Amino acid sequence: MIEILLLNFVLYRNQRTFRPKKNAPSGSKGAQLQKHIDATLGSGNLREAVRLPPGEDIHEWLAVNTVDFFNQVNILFGTLTEFCTASNCPMMTAGPKYEYRWADGVTIKKPIEVSAPKYVEYLMDWIETQLDDESIFPQRLGSPFPPNFKDVVKTIFKRLFRVYAHIYHSHFQKIVNLKEEAHLNTCFKHFVLFTWEFRLIDKGELAPLSELVESILQL
């Protein structure tokens, strides 16, 4: 798996503890759906890979894919931790027009300006908290998803997009130098097609990468 090789590469380069991968929800059809994702991605048909498999529950599908995309973004950003620093990226931006401030609505209720690496750290911790909360992402077979589950998922994907936007605007040349641009582009294409399929991100949120997003959707 490319993802495993890239993870090993990140661990080797950073020489420090890296955030472990999250597993798909195990209490339902998580493992089965994860195998379906791996198989369809292996076929190279990303449009087919994002579609809800016939007869499957939409919430289960969103849950498994949320974990999968969290891992992808986590690994991609991990390759840049020595370059995306508080001194190099004192604000979380996506070009000169877009700045993202952090708030989780619990411990930080008013959006605060933080560096890009701090924003991503806050974000990954926040997502992990959601994924580990069984009232949101149930682990037991037959446990119901909450009524606002899709809203939670939409917020997660909206914020994951911001990491892609920052990478493309601030670190793409470094990605090219590391010869990782093909992997980045494939991951982002998969992300865009999935979020578009299930209307998870409002079009306005995609503005920082609008041209790239439109080129993907037209293919």
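Me: Which residues of helix 6 meet helix 7?
Reply: The structure is a predicted model, in which helix 6 covers residues 149-177 and helix 7 covers residues 181-197. On the side of helix 7, the residues in contact are Glu181, Leu184, Asn185, Cys187, Phe188, Phe191, Phe194 and Thr195. The residues of helix 6 that meet them are Phe157, Leu160, Phe161, Tyr164, Ile167, Tyr168, Phe172, Ile175 and Val176.

Me: Are helix 6 and helix 7 roughly parallel or roughly antiparallel to each other?
Reply: Two packed helices are described by the angle between their axes and the distance between the axes. For helix 6 and helix 7 the axes lie 11 Å apart and the angle is about 160 degrees, while the crossing is left-handed. Angles over 145 degrees count as roughly antiparallel, and therefore helix 6 and helix 7 are roughly antiparallel.

Me: Which residue meets Arg162 in a salt bridge?
Reply: Arg162 lies in helix 6, and its partner, 43 residues apart from it, lies in the loop between helix 7 and helix 8 (210-218), so that the pair links distant parts of the chain. The distance from N to O in this salt bridge is 3.7 Å, and the partner is Glu205.

Me: How many residues apart are Glu121 and Lys118?
Reply: The side chains of Glu121 and Lys118 meet in a salt bridge with 3.6 Å from N to O. Glu121 is partly exposed at 37% relative accessibility, and Lys118 is partly exposed at 30%. Both residues lie in helix 5 (residues 116-132), where their spacing is about one turn of the helix, that is, three residues.

Me: How many salt bridges are there by this count?
Reply: One of them joins the side chains of Glu48 and Arg51 at 2.8 Å from N to O. Salt bridges that share partners also join Glu99, Arg101 and Glu113 into one network. The count for the model comes to five salt bridges.

Key:
Residues numbered from 1 in each chain as written. Predicted model: local features only at pLDDT ≥ 70, side-chain atom pairs only at ≥ 80, totals over all residues. Heavy atoms only, no water. Axes fitted to C-alpha atoms, helices over the stretch in contact; angles between N-to-C directions. Helix = DSSP H or I, 4+ residues; strand = E, 2+ residues; numbered from the N terminus. Parallel < 35°, antiparallel > 145°, perpendicular 65-115°, else oblique. Left-handed = near helix turned anticlockwise from the far one by under 90°. Contact = heavy atoms within 4.5 Å. Salt bridge = Lys/Arg side-chain N within 4 Å of Asp/Glu carboxyl O. Buried < 20%, exposed > 50% of the residue type's maximum accessible area, 1.4 Å probe, protein only.
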